[in-house]
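Let's take a walk through this model, one neighbourhood at a time. Keep the viewer open as you read.

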Amino acid sequence: MAAETVAWRTLFAELANADARSAAVMDGAQPISMPAAQYVFRAGAPCVNYVLVLEGRVRVQLIGEGGREAMLYRVLPGQSCILTTCCVLSGDAYPAEGFTEAPVQALAISKPAFDQALESAPAFRRFVFTNLGGRIAEVIARMEEVTFRPVERRLAAFLLSRVGAAGNIAATHQEIAVELGSSREVVSRQLKRLEHQGLVRLGRSSVTVCDPGALRRLAEPGI
């Protein structure tokens with residue numbers, strides 16, 4: 001049994017244990033490999049495949065005026081891309097871009113095979129729309145956070161989520177800004193404020209958390 005088959009049957013057990021047509025669709029998918037830091041799709045490009053990630057990580061983001069980046073979500077093993085699903089269903093071009101943050105192994109199902117599977121493979125159809133609905137809810141939650149939660153709280157929560165055992169976070173101000181859906185200037189200003197308060201120490205492409213308790217209090221609602 002090919003490694004891709006073992007992987008999808010483990011990650012997508014609801015399809016492996018379902019009707020024969022759904023399993024056949026997955027067995028017939030085309031394995032694809034992509035190195036890190038490679039574009040998977042760009043804004044304006046057509047969508048020709050439905051893709052399921054087996055290994056690695058894909059970041060999907062919008063590019064605004066002046067080249068400002070804002071991350072929408074990540075696609076992890078066992079998931080499909082929301083935009084890819086929407087675009088392959090509608091026939092529209094991609095409105096954003098996606099690229100690999102780590103080497104990716106995935107399965108690609110062509111649009112003709114995808115369309116046919118929606119009609120003839122019940123478990124596959126349920127998986128597509130259940131996955132789409134759940135992931136859209138995640139994106140809406142992120143958009144609510146970016147829109148309504150103050151940037152200093154989002155920054156504190158981000159630092160706490162990424163801090164290592166030694167208190168260090170390897171990230172540039174620009175990389176943090178992309179994660180928060182903010183600008184580099186705003187993030188730099190907030191980091192300087194935290195440093196002045198003794199909560200963090202800034203280095204070259206790094207941040208060291210000095211007072212995680214204070215950061216945790218800052219990240220909490222109502223503080």
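## Strands 3 and 4

Strand 3 (residues 49-63) runs antiparallel to strand 4, and six bridges join them; two strands count as paired if DSSP finds at least two bridges between them. One spot to look at is Gln61, whose bridge partner in strand 4 is Met71. Helices (H or I, at least four residues) and strands (E, at least two) are DSSP runs, numbered from the N terminus.

Strand 4 (residues 69-75) is mostly covered, with five of its seven residues buried. Here buried means under 20% relative accessible area, exposed means over 50%, and partly exposed is in between (1.4 Å probe, protein chains only).

A word on ground rules: this is a predicted model, where local features need pLDDT of at least 70 and side-chain atom pairs count only at pLDDT 80 or more, while totals for chains, interfaces and linings use all residues. Residues are numbered from 1 along each chain as its sequence is written, and side-chain values use heavy atoms, with hydrogens and water left out.

## Helix 4

Strands 3 and 4 turn up again as part of what covers the buried residues of helix 4, along with strand 2 (39-41), helix 5 (111-120) and helix 6 (122-148). Contact here means heavy atoms within 4.5 Å. Helix 4 spans residues 82-90, and its buried residues are Ile82, Leu83, Thr84, Thr85, Cys87 and Val88. After the helix comes Gly91, with a positive phi near 85°.

## The aromatic pairs

Searching the whole structure turns up six aromatic pairs. Rings of Phe, Tyr and Trp (its six-membered ring) pair if their centres lie within 6.5 Å; planes under 30 degrees apart count as stacked, over 60 as edge-to-face and the rest as tilted. Phe114 and Phe124 make an edge-to-face pair, 5.9 Å centre to centre with 80° between the planes. Phe114 sits in helix 5 and Phe124 in helix 6, so the pair ties together parts ten residues apart in sequence.

Phe114 and Phe124 are both buried.

## The 6-8-7 sheet

Next up is an open sheet of three strands, ordered 6-8-7 with antiparallel pairing. Strand 6 (168-170) and strand 7 are the edges, each with a single partner strand, so one side of each has no neighbour in the sheet. From one strand to the next, the twist averages 20°.

Strands 7 and 8 pair in the antiparallel sense over four bridges, and Arg201 stands opposite Thr208 in strand 8. Helix 7 lies across strands 6, 7 and 8, at about 100° to strand 6. For such angles, axes are lines fitted to C-alpha atoms (for helices, over the stretch in contact), and the values run from 0 to 180 degrees between N-to-C directions.

## Helix 9

What covers the buried residues of helix 9? The list includes helix 7 (151-162), helix 8 (173-180), strand 7 (200-203), strand 8 (206-209) and helix 10 (212-219). The buried residues include Val187, Ser188, Gln190, Leu191 and Leu194. They take up an arc of only 165° around the axis, which puts them on the same side of helix 9; that arc is taken from the directions from the helix axis to the C-beta atoms. Lys192 and His196, on the other side of helix 9, are exposed.

Just after helix 9, Gly198 has a positive phi of about 85°.
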